[in-house]
Amino acid sequence: MAALSRSDYRDALEVVYAAGEVTSTVAFPELVLDALRRLVPCEVVTFHEHSETRNRVLVHVGEPAGRMTPEIRAAHRRYRHQDPFRPAAGARTTSDVADLRSYRRTGLYRCVDRPLGIAYMLQLYVDPGVTDARIEFDRADSDFSERDRGVLDLLLPHLRQSVRRARPRARLARLSPRERQVVEHVADGRTNAEIAWILEISPETVRKHLENAYAKLGVHNRTAAAAAALRSR
């Protein structure tokens with residue numbers, strides 16, 4: 001890994017701090033992406049994920065040199081099979097995964113990247129093999145350096161943990177307010193009878209809320225439901 005400076009470590013810690021403040025269902029909201037963009041200067045930083053609870057998560061900061069148009073979106077759908085990046089461990093640039101001269105002859109580059117002003121790209125798959133969550137850095141004028149790659153590889157365990165923390169929050173967001181209350185009480189170690197007394201409902205209603213919560217959380221018992229609630233705190 002390239003030698004990192006004191007300021008590199010300081011800026012990396014800013015990313016860790018920002019990620020630690022996140023309580024939303026999205027692992028990397030704009031606050032975190034802004035910190036990443038200060039760490040690895042570029043025009044645009046984007047977080048992509050196909051979520052089990054939503055069709056697509058897409059968050060970005062910065063502005064591309066070119067304007068995204070319906071034509072560019074259509075071209076991306078048409079040529080996305082030409083994307084040379086695949087899930088892998090560690091940060092990688094376009095030149096790591098493809099011959100740049102050959103790539104720049106593809107429809108994906110000519111009809112999507114070039115109109116947006118993307119000459120160089122760096123991608124970091126956050127948890128390959130588990131999710132397609134990835135962070136993409138785009139530049140117009142210069143390629144990414146070994147320092148850029150190294151500082152992101154240093155952060156990878158922390159970024160991976162952010163994605164894993166967001167998953168139970170996303171699942172819990174699917175619960176109704178009453179189901180969430182019941183599961184939170186289960187996480188605090190209360191019995192169905194105690195929950196029924198606190199919420200002024202019948203134990204049978206508590207049981208029904210738990211069954212509905214299990215289905216939405218993708219679990220089969222109160223221990224796993226409690227674990228999901230505790231991981232989201």
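Residues 24 or more positions apart account for 64% of the contacts in the chain with a separation of 6 or more, a contact being heavy atoms within 4.5 Å. The model is predicted: local features need pLDDT of at least 70, side-chain atom pairs count only at pLDDT 80 or more, and totals for chains, interfaces and linings use all residues. Residues are numbered from 1 along each chain as its sequence is written, and side-chain values use heavy atoms, with hydrogens and water left out.

The chain has 11 helices and five strands. These are DSSP runs, numbered from the N terminus (helices: H or I, at least four residues; strands: E, at least two). The C-alpha trace spans about 70 × 45 × 25 Å along its principal axes. Of the 233 residues, 46% count as buried, that is, under 20% relative accessible area with a 1.4 Å probe, protein chains only.

Strand β5 covers residues 134-139 and holds E136. E136 is buried but has no salt bridge. A salt bridge requires a side-chain nitrogen of Lys or Arg within 4 Å of a carboxyl oxygen of Asp or Glu. The nearest side chain of opposite charge is R134, 5.3 Å away; Lys and Arg count as positive, Asp and Glu as negative, and His and the chain ends are not counted.

The side chain of E136 does form a polar contact of 3.2 Å with that of Q123. Such a contact is a pair of N or O atoms within 3.5 Å; within protein, one must be able to donate a hydrogen and the other to accept it, and residues adjacent in sequence count only if both atoms are side-chain atoms. Neighbours within four places in sequence aside, E136 is in contact with V44, V45, T46, H48, M121, L122 and Q123.

Technical notes
Buried means under 20% relative accessible area, exposed over 50%, partly exposed in between (1.4 Å probe, protein chains only).
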